[in-house]
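Here are my notes on the ligand site. Please read them with the model open.

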Amino acid sequence: MISRHLSICVYCGARDGTDPAYVAAATDLGTAIAAKGWRLVYGAGDVGLMGATARAAQEAGAETFGVIPTHLMDMEVGKRDLSTFVVTETMHERKKVMFMNADVIVVLPGGAGSLDEFFEVLTWKQLGLHNKPIFLLSVKDYWKPLEDLIDHIIAQGFAGPQNRDFFQVVKTVPALLAAMDHG
Ligand code: AMP
């Protein structure tokens with residue numbers, strides 16, 4: 001069971017997406033992180049699902065830890081009122097600092113940036129560099145095409161079947177919390 005004071009690293013879109021369910025899930029996740037007494041670790045932006053998650057976590061009293069590179073301070077509206085606000089020089093440093101400060105990874109709907117972050121932690125797990133739990137929060141089956149792609153990669157012999165065990169897919173925040181309880 002995962003129950004101690006955890007740092008939850010959330011990768012997610014810098015946009016809202018078209019379906020209001022995405023923002024709703026981001027808000028639920030931020031609120032749940034606070035309710036559990038956990039800490040949010042994320043990309044320190046105040047836009048899209050990033051901003052929605054952070055505002056909800058903050059409003060519900062969670063500790064927040066954000067990491068943003070200098071050049072995105074304007075574009076992603078660096079959220080300076082977080083409990084901890086780290087500015088890095090590069091994207092690589094951002095990802096490294098986020099990962100080093102996380103116990104669990106949760107991937108909400110997002111674009112290429114979220115995929116980049118997901119595949120980095122997936123490949124590191126594949127290489128045995130870490131064993132942190134990775135959850136795809138597949139709101140309204142958003143990540144189904146990604147699951148299909150990974151199944152295809154395995155079926156075509158470019159990854160072992162164990163690749164599928166390196167991450168779990170959940171559809172809602174309550175399902176995520178339940179899966180973490182059993183983790
Ligand atoms: P997106 O899912 O494309 O909306 O991006 C989500 C977040 O990932 C944004 O804060 C991006 O700045 C960030 N991001 C995109 N590419 C990278 C990268 N190579 N390294 C670190 N962060 C990234």
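This is a predicted model: local features need pLDDT of at least 70, side-chain atom pairs count only at pLDDT 80 or more; totals for chains, interfaces and linings use all residues.

1. Look next at the polar atoms. In Arg94, an N or O atom of the side chain is 3.0 Å from a ligand oxygen. Gly113 uses its backbone: an N or O atom there lies 2.9 Å from an oxygen atom of the ligand. Asp116 faces a nitrogen atom of the ligand, with a polar side-chain atom 3.2 Å from that nitrogen.

2. On its own, the ligand has 490 Å² of accessible area. The protein covers 80% of that area.

3. Where does the ligand sit? The space it takes is the largest pocket.

4. The largest pocket contains about 450 Å³ of space. Its lining counts 28 residues. Closest to the pocket centre are Cys12, Gly13, Ala14, Gly113 and Ser114.

5. Which elements give two or more residues to the lining of the largest pocket? They are β1 (7–11), α2 (48–59), α3 and α4. Here too, α4 gives the most, with five residues.

6. The lining of the largest pocket divides into 14 nonpolar, seven polar and seven charged residues.

Conventions
Residues are numbered from 1 along each chain as its sequence is written. Side-chain values use heavy atoms; hydrogens and water are left out. A polar contact is a pair of N or O atoms within 3.5 Å; within protein, one must be able to donate a hydrogen and the other to accept it, and residues adjacent in sequence count only if both atoms are side-chain atoms. Accessible areas come from the Shrake-Rupley method with a 1.4 Å probe; for residues, only the protein chains shown count as cover. On a 1 Å grid over the protein atoms alone, a cavity is a set of points where a 1.4 Å probe fits but cannot get out, and a pocket is an open set with protein on both sides within 12 Å along at least five of seven lines; lining residues have an atom within 4 Å of a point. A molecule sits in a cavity or pocket if more than half of its atoms lie within 2 Å of its grid points. Grid points are joined across faces, edges and corners, and a volume is the space filled by probe spheres set on the points. Helices (H or I, at least four residues) and strands (E, at least two) are DSSP runs, numbered from the N terminus. Ala, Val, Leu, Ile, Met, Phe, Trp, Tyr, Cys and Pro count as nonpolar, Asp, Glu, Lys and Arg as charged, and the others, Gly among them, as polar.
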